[in-house]
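This report sets out selected local features of one protein model. The sequence and structure are shown first, and the description follows.

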Amino acid sequence: MQLFAAATLLLSSSVDAFVPTFGGSKKAFSEKMAPSRSYVTFSATATTTEENTLLLKPIKSLDGTITLPGSKSLSNRILLLSALSDGNTVVDNLLDSDDIQYMLKALKQLEVPLDIKTNEDGSVGKVTVTGQAGPIDSPTPEDVQNLFLGNAGTAMRPLAAALCMGKGKFVLDGVPRMRERPIADLIDGLKQLGADVECVKETGCPPVTINADGLGGGEASISGKMSSQFLSAMLMAAPAATGDVKISIKDELISAPYVALTIGLMKRFGVNVQIEGDMKGTPSFFIPSTEKYTSPESILVEGDASSASYFIAGAAITGGTVTVRGCGSESVQGDVAFADVMEQMGATVTWAPESITVTRDPDVKLKGVDVDCGEIPDAAMTLAVAALFAEGPTTIRNVYSWRLKETERMKAIVAECTKLGATVEEYRDYCVIHPPEGNKLNDGVLIETYDDHRMAMAFSLAACGGVDVIINDPGCTAKTFPTYFTMFEGIASR
């Protein structure tokens with residue numbers, strides 16, 4: 001399956017078949033609105049060495065079947081489109097994590113009716129969203145609605161665009177790191193459509209202030225070099241405008257599969273986006289005023305392909321056999337292409353429509369690769385750790401967006417790989433990882449996670465190198481995968 005195949009599948013309407021899986025002061029405001037973080041209980045082979053750290057003992061092999069939690073990217077997009085639609089939408093297999101909780105709390109605060117069923121373990125089950133049949137207006141037109149969105153980019157960016165289409169006064173804010181994550185390109189595009197919206201001029205980052213009085217449509221030309229979420233946010237909001245909307249990319253579009261995912265979901269909700277030009281170039285997108293969202297009545301969230309990468313890489317590193325269920329050859333997510341990269345390194349990959357199975361012949365050693373990861377930046381972090389186990393250097397290209405994520409991921413990757421014994425060359429938008437001599441990792445390294453869920457999950461794989469690894473703040477995985485370490489331990493043998 002090639003790197004852009006997921007986007008191609010999606011644009012041919014494969015998104016219709018979602019895959020089932022398992023089921024006062026600023027400080028005071030932040031504490032009130034932030035989801036409570038769930039810390040998992042670990043087995044005897046993965047023990048807490050002190051408060052807020054996790055000791056992972058050496059892992060011999062990863063073998064088994066993992067049923068993936070729902071996709072973060074799909075979950076928050078589906079919640080917003082459901083809220084903008086005409087009709088009720090039942091959402092199944094919604095990811096139960098911090099980022100999705102921020103979106104749910106924001107929608108509740110905006111008085112979008114939600115009926116949330118809980119599973120036996122207390123996690124979120126099916127959610128029924130009563131759509132507004134158009135833009136989301138403030139429930140208190142004369143008062144400012146302060147929405148705290150933590151570090152959830154998939155809530156901040158789409159809500160900033162969608163709320164410009166309705167009426168009301170809003171301030172969207174988050175944790176300190178959110179105030180360092182750029183949003184100026186999105187704000188610029190919304191202003192071109194006539195929105196009264198501002199971010200912090202000095203930084204180009206949140207908080208975002210909106211004085212909304214509806215939008216009549218128009219044309220906007222925006223940059224796609226920093227994040228595809230800006231384009232996705234404008235696309236999802238466009239049908240809530242009263243007139244035609246045209247959005248053009250003026251330079252280049254990174255992470256194009258995520259935009260294809262957005263367009264496929266919009267089609268699932270009855271809106272057809274007209275595309276001009278090449279998605280890998282400078283495309284334009286046209287949404288006529290006649291296109292309005294209609295509920296599909298029910299929708300199932302596909303398993304998270306980014307989360308699949310840790311188990312796929314674990315099998316490739318150890319030579320075990322792992323099957324991930326919830327995404328496969330018919331997935332709408334670009335990150336399934338990470339399995340192709342593992343195959344390029346030497347793993348054996350078997351595809352099914354709803355699953356991926358990975359192993360490695362013990363006579364075949366992983367080899368370093370040179371990969372453009374612009375379309376799979378999240379999964380590329382997992383590649384950085386897999387590179388520690390390869391023969392020869394691995395070059396991870398086109399990942400400038402790492403620097404704009406939950407933490408400054410380029411600096412974080414370089415620092416933690418270096419601690420483990422690698423030599424890493426850092427450049428503006430790529431890095432070259434030279435594995436430790438003989439692939440012998442340093443023992444007992446404390447991995448800093450920088451409050452970044454993907455750092456914790458990716459570097460857990462270092463334990464596959466026959467060494468103890470200590471993960472700082474393992475609970476940060478609650479952002480997208482609260483049960484990660486429990487599931488990881490469930491397939492580990494020592």
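Cys 205 is buried, with a relative accessible area of 4% (buried means under 20% relative accessible area with a 1.4 Å probe, protein chains only, exposed over 50%, and partly exposed in between). The structure is a predicted model, in which local features need pLDDT of at least 70, side-chain atom pairs count only at pLDDT 80 or more, and totals for chains, interfaces and linings use all residues. Residues are numbered from 1 along each chain as its sequence is written, and side-chain values use heavy atoms, with hydrogens and water left out.

Cys 205 belongs to strand S11 (residues 205-213); helices (H or I, at least four residues) and strands (E, at least two) are DSSP runs, numbered from the N terminus. Setting aside neighbours within four places in sequence, Cys 205 is in contact with residues including Arg 179, Glu 180, Pro 182, Cys 199 and Val 200 (contact means heavy atoms within 4.5 Å). Met 178 is another of the contacting residues; Cys 205 and Met 178 are 27 residues apart in sequence, while their C-alpha atoms are 7.6 Å apart in space.

## Helix H12

Helix H12 spans residues 409-419, and its buried residues are Arg 409, Met 410, Ala 412, Ile 413, Val 414, Glu 416 and Cys 417.

At the N-terminal end, H12 is capped by Glu 408, a side-chain oxygen of which lies 3.1 Å from the backbone nitrogen of Met 410. After H12 comes Gly 421, with a positive phi near 115°.

## An open sheet

Four strands, in the order S12-S13-S15-S14, form an open sheet with mixed pairing (two strands pair if DSSP finds at least two bridges between them). Its edge strands, each pairing on one side only, are S12 (218-224) and S14 (274-276). S14 and S15 (residues 284-287) run antiparallel and are joined by three bridges. Glu 276 has Ser 284 in S15 as its bridge partner.

## The largest cavity

The largest cavity is lined by 26 residues, and those nearest its centre are Arg 157, Arg 181, Ser 227, Gln 229 and Lys 405. On a 1 Å grid over the protein atoms alone, a cavity is a set of points where a 1.4 Å probe fits but cannot get out, and lining residues have an atom within 4 Å of a point. Helices H3 (72-84), H5 (153-163) and H7 (229-237) are the elements that each give two or more residues to this lining. Arg 181, named above among the residues nearest the centre, is also in contact with Cys 205.

Key. A polar contact is a pair of N or O atoms within 3.5 Å; within protein, one must be able to donate a hydrogen and the other to accept it, and residues adjacent in sequence count only if both atoms are side-chain atoms. On a 1 Å grid over the protein atoms alone, a cavity is a set of points where a 1.4 Å probe fits but cannot get out, and a pocket is an open set with protein on both sides within 12 Å along at least five of seven lines; lining residues have an atom within 4 Å of a point.
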